[in-house]
Amino acid sequence: MAVRPNPKKDTSSDYRKNAMRAEVAAETQRLKTYLAPTVQMQGLFLEDIEIKMAGAHRTVHVVVDLPEDQSGGVSLDAISVAAQAVSDAMDNDPHDDGRPYSLEVSSPGVSRPLTEPRHWRRNVGRMVSVSASRGDDMMGRIVSVDDDGVTLIPEIPVKKGMKAKQGDPVHLPFANIRKGRVEVEFAHLEDDPAGEDAPDETTAEEA
């Protein structure tokens, strides 16, 4: 019985995709280095940059936050000022390739996962849920953060309709925290309407 040869797999599409990913990753890192001083001059911290390509057009999403020694969230006015400063910096970028772009500047928002020590320090006093690498998952309020981990006052599960109970403070090493996330509380929304619990975002577009 004759065996038909397998047609040669066309990898040109994969090659282009991989090349595009590498280009975007390199440009993202370059912009982080280039824009960080500009954001810092506005009294903010450059949390992240994400670039999305659509043909020759790119969307640059810049996420800014308050320094870790400040509480609360980034106001809409601060985001607007930062967006203008970042836009001016990008327009004067000596290494920009001239492709058109849209700029989006926003605060992290409550949905941001807590992945770095500064994220935990920024949220001292807030209720968080923690997925542990070892042991049980936990929900509790952050009371302090040190170089090794986080100290929480855990919320003890109770029957529906009963007042929540609090346990003794527990210290969780960063090495044992698989994932953390802030839990939205209405009290924080009322006290801090323009903070991290609100989806603040302002956008500047440049052709």
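Q: Which residues touch the most other members of the largest nonpolar core?
A: L35, I49, V60, V62 and L103 do, in a core of 22 residues. A nonpolar core here is a set of buried Ala, Val, Leu, Ile, Met, Phe, Trp, Tyr and Cys residues joined through side-chain atoms within 4.5 Å. Buried means under 20% relative accessible area, exposed is over 50%, and partly exposed is in between, with a 1.4 Å probe and protein chains only.

Q: Which elements give two or more residues to this core?
A: Those are α1, β1, β2, α2 and β3. The largest share, 6 residues, comes from α2. Helices (H or I, at least four residues) and strands (E, at least two) are DSSP runs, numbered from the N terminus.

Q: Before I go on, what kind of model is this, and how are things counted?
A: It's a predicted model, where local features need pLDDT of at least 70 and side-chain atom pairs count only at pLDDT 80 or more, while totals for chains, interfaces and linings use all residues. Residues are numbered from 1 along each chain as its sequence is written, and side-chain values use heavy atoms, with hydrogens and water left out.

Q: OK, back to I49. What does it touch?
A: Not counting residues up to four places away in sequence, I49 touches T28, L31, K32, L35, V60, H61 and V62. Contact means heavy atoms within 4.5 Å.

Q: What other core lies apart from that one?
A: There's another core of 12 residues, with L114, V150, F174 and V182 among them.

Q: How do β1 and β2 run, parallel or antiparallel?
A: Antiparallel: β1 (residues 45–54) and β2 (residues 57–65) are joined by 9 bridges. Two strands pair if DSSP finds at least two bridges between them. M53 has R58 in β2 as its bridge partner. The hairpin has 2 residues between the strands, and G55 takes a positive phi near 70° there.

Q: R58 is an arginine in a strand, so where does its side chain go? Which residue does it meet in a salt bridge?
A: It meets D96, at 2.5 Å from N to O. A salt bridge here is a side-chain nitrogen of Lys or Arg within 4 Å of a carboxyl oxygen of Asp or Glu. The two partners are 38 residues apart, with R58 in strand β2 and D96 in the loop between α2 and β3.

Q: Is R58 buried or exposed?
A: Buried, at 2% relative accessibility. D96 is partly exposed at 26%.

Q: Why would those two side chains pair at all?
A: Side chains of opposite charge can pair when their charged atoms come close.

Q: How many salt bridges does the rule give?
A: It gives 14. One of them pairs D93 with R30, with the closest N and O atoms 2.6 Å apart. That pair links distant parts of the chain, 63 residues apart: D93 is in the loop between α2 (76–91) and β3 (101–106), and R30 is in helix α1 (residues 12–41). D93 is buried at 8% relative accessible area, whereas R30 is partly exposed at 23%.

Q: And R99, what does it pair with?
A: R99 forms a salt bridge with D97, the closest N and O atoms being 2.7 Å apart. R99 is partly exposed at 23% relative accessibility, and D97 is partly exposed too, at 48%.

Q: Which residues are linked in a network of salt bridges?
A: E23, E27, R30, R58, D93, D96, D97 and R99.

Q: Switching to R118, where is it placed?
A: R118 is in helix α3 (residues 117–122), and it's buried at 7% relative accessibility. Its side chain joins that of E47 in a polar contact of 2.6 Å. R118 also reaches the backbone oxygen of L66 with its side chain, at 3.1 Å. A polar contact is a pair of N or O atoms within 3.5 Å; within protein, one must be able to donate a hydrogen and the other to accept it, and residues adjacent in sequence count only if both atoms are side-chain atoms.

Q: Last one: how many helices and strands does the chain have?
A: The protein chain has 4 helices and 10 strands. Buried residues make up 36% of its 207 residues.
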